[in-house]
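Trainee: Please take a close look at the sheet in this model and at the side-chain pairs around it.

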Amino acid sequence: MAIVDQGRIIAEGRPKDLMHAHFPAYLIHLPETAWPETLPLPENAVVEEGETELPADAVAPPLIELDRLGVDLGALRVSRPNLEDLFLKLIGHRLRGYPCGDGSLPSWSRATANFIAIARVYPGIC
């Protein structure tokens, strides 16, 4: 697989290898307000758009620790990074009117790095 930005290949390799090189296995998402005000965030935490994101290689140990620290786990969500996350991380921005001219995706496709890379090189695909 190759990830292309503005006609330039910025990463290539097997999807599994690229994902492993750029992301942890899991991302733990919490509302920003779930974190106790008196508790400093871990260095690897990312706070963006009202959400705190914590990278993790496993799920159970961090959840046990968060519960021990008194973090509100009521709205907790766990996700696995996907190819769209990889694409956005590597190009450093959201889509600029690609792949379908208005930033939308064709109704038959979910955003994946493979599709976006192809659509950016061949804009007529839409």
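Mentor: Buried means under 20% relative accessible area, exposed over 50%, and partly exposed in between (1.4 Å probe, protein chains only). The model is predicted, so local features need pLDDT of at least 70 and side-chain atom pairs pLDDT 80 or more, while totals for chains, interfaces and linings use all residues. Residues are numbered from 1 along each chain as its sequence is written, and side-chain values use heavy atoms, with hydrogens and water left out.

The sheet is open, with 4 strands in the order E4-E5-E3-E6 and antiparallel pairing. Strands (E, at least two residues) and helices (H or I, at least four) are DSSP runs numbered from the N terminus, and two strands pair if DSSP finds at least two bridges between them. At the edges are strand E4 (46-48) and strand E6 (77-79), each pairing on one side only. Neighbouring strands are turned against each other by 25° on average, direction ignored; axes are lines fitted to C-alpha atoms, for helices over the stretch in contact, with angles from 0 to 180 degrees between N-to-C directions.

Strand E4 is joined to E5 (residues 51-56) by 3 bridges, and Glu-48 has Glu-51 in E5 as its bridge partner. Helix H2 (residues 60-69) packs on the sheet, where it touches E3 (26-31) and E5, and its direction makes about 25° with that of E3. Contact here means heavy atoms within 4.5 Å.

Glu-51 also forms a salt bridge with Arg-77 (3.1 Å, N to O). This pair links distant parts of the chain, with Glu-51 in strand E5 and Arg-77 in strand E6, 26 residues apart. A salt bridge is a side-chain nitrogen of Lys or Arg within 4 Å of a carboxyl oxygen of Asp or Glu. Glu-51 is partly exposed at 27% relative accessible area, and Arg-77 is partly exposed at 41%.

Strand E6 also contains Ser-79, which is buried at 19% relative accessible area. Its side chain makes a polar contact of 2.7 Å with that of His-29. Such a contact is a pair of N or O atoms within 3.5 Å; within protein, one must be able to donate a hydrogen and the other to accept it, and residues adjacent in sequence count only if both atoms are side-chain atoms. Leaving out residues up to four places away in sequence, Ser-79 touches Ala-25, Tyr-26, Leu-27 and His-29.

In helix H2, Arg-68 and Glu-65 are 3 residues apart, about one helical turn, and form a salt bridge at 2.6 Å between the closest N and O atoms.
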